[in-house]
Amino acid sequence: MTGDRVTLTVVVPTYDEAANVAELLRRVDAAVGGPATEVVVVDDSADDTAAIARAQAPALRSQLVVIHRAEPEGGLSGAVVAGLRAARGRRCAVLDGDLQHPPEVLPALLDALEGADVAVASRYTTGGAAEGLSGWLRHGVSRTTTLVTKAMFPTRLHTCSDPMTGFFALDLGRVDLDELRPKGFKILLEVLVRRRRRIREVPFAFGARTGGSSKASLRQGLWFLWQLADLRFGRMSGFALVGALGAVVNVAIVSALVALGMPFLPAAVVAAETTIVGNFLLQERYVFADLVATADPVRRRFLRSALFNNAESAVRISIAWWLVEHGVLTSAIATAVTLAVAFVARFVFHALVVYRPRERGPVPSLEQTAV
């Protein structure tokens, strides 16, 4: 069967869905299965989801590919992008592995893709329903985040009532995967706002979970807020958030040390060195993570970052010290003002020097099995 030409790929990201994956594959196969269909399961689980998925292959009409990621980079969004990169079909559909996205909607979703770049299965268009969301709080959060997202991107999302859904189909020839920066769990939002798309919607009823547990968490919510800021304002927004956190910590350390009797100048030095290290670690993980693989090794990155930040800090602290000594500003305000002034210089240096591309790094390891 592996020699047949594939025209449709169904991507299913999974995370601890051992209780659901067998039924999911059976229902996907019943809905759109055939020799020209492949189902790509991208599994980030610690349970037996991948093994159970592989065991279903003999009973399926479709071709089955199971990818188990040793390092689940980018979370659910990264899993979806990994599946799309592995896809052999130009038409691709994506749905979650928890059966809250009914596979029976796939034919209508694929029909809607004709003449569109992206087809969206919507809970909030006419005929859709979101009863599967557990409790009034999740209903409220879902509605609120949808409204906020549409407000932030009023033009790109004008024709989409449910940009937060994980159930959609796209024409892979019309989407540049290299421009996506997957993080968290809202990959459709990335696809829709990176550039203008022709969107068509079909209604669906978001089902109740029948097995396993919800993956929604405070951490996912924070990732979503980070993604929104990054999409709306670019990489600088993430750098600003890290810098703002560092500034708060810096001011707190200075204030605490001065209150304990330490002179302002050494207190400012201690605070600066502490936040330099902390900011670098956060920038590596959240702001420039997509550039790390092609940049210089981490020791060189840290050395450049630390040298520049220390030079900048020396100038900034000298100015702040003068302002404090001459009674122009209090220590806290002087620290905050000079940190704000230094922000742009730090961002430009890190983006253009510290993370300047070098040789391409290794491709993240994937264990892939076609059955």
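Buried here means under 20% relative accessible area, exposed means over 50%, and partly exposed is anything in between (1.4 Å probe, protein chains only).

## Ground rules

This is a predicted model, so local features need pLDDT of at least 70 and side-chain atom pairs count only at pLDDT 80 or more, while totals for chains, interfaces and linings use all residues. Residues are numbered from 1 along each chain as its sequence is written, and side-chain values use heavy atoms, with hydrogens and water left out.

## Cysteines

Start with Cys92, which is buried at a relative accessible area of 0%. Cys160 is buried too, at 1%. As for disulfides (a pair of cysteine sulfur atoms within 2.5 Å), the count is zero.

## Two nonpolar cores

A nonpolar core is a set of buried Ala, Val, Leu, Ile, Met, Phe, Trp, Tyr and Cys residues joined through side-chain atoms within 4.5 Å. The largest one has 32 residues, and those with the most contacts inside it are Val10, Leu25, Val28, Val39, Leu64, Leu109 and Phe167. Elements here are DSSP runs numbered from the N terminus: helices (H or I) of at least four residues and strands (E) of at least two. At least two core residues each come from strands E1 (8-14), E2 (37-43), E3 (63-69) and E5 (118-122), and from helices H1 (21-32), H2 (49-55) and H4 (106-112). H1 gives the largest share, five residues. Apart from this core lies another, of 25 residues, with Val118, Val120, Cys160 and Val175 among them.

Contact means heavy atoms within 4.5 Å. Setting aside residues up to four places away in sequence, Phe167 touches Val94, Leu95, His101, Pro102, Val105, Leu106, Leu109, Val120, Ala121 and Phe204.

Thr14 sits in strand E1 and counts as buried, at 3% relative accessibility. Its side chain makes a polar contact with the side chain of Asp43 at 2.7 Å. For that term, take a pair of N or O atoms within 3.5 Å; within protein, one must be able to donate a hydrogen and the other to accept it, and residues adjacent in sequence count only if both atoms are side-chain atoms. Beyond its neighbours within four places in sequence, Thr14 is in contact with residues including Val41, Ser45, Thr49 and Gly97.

Asp16 is in the loop between E1 and H1, and its phi is near 55 degrees, positive in a residue other than glycine. Asp16 is partly exposed, at 27%. Leu99, in the loop between E4 and H4, also isn't a glycine and has a positive phi of about 70 degrees, but Leu99 is buried at 8%. Most residues other than glycine have a negative phi.

Gly34 lies in the loop between H1 and E2 and is buried at 9%. Leaving out residues up to four places away in sequence, Gly34 touches Asp29, Arg61, Ser62 and Gln63.
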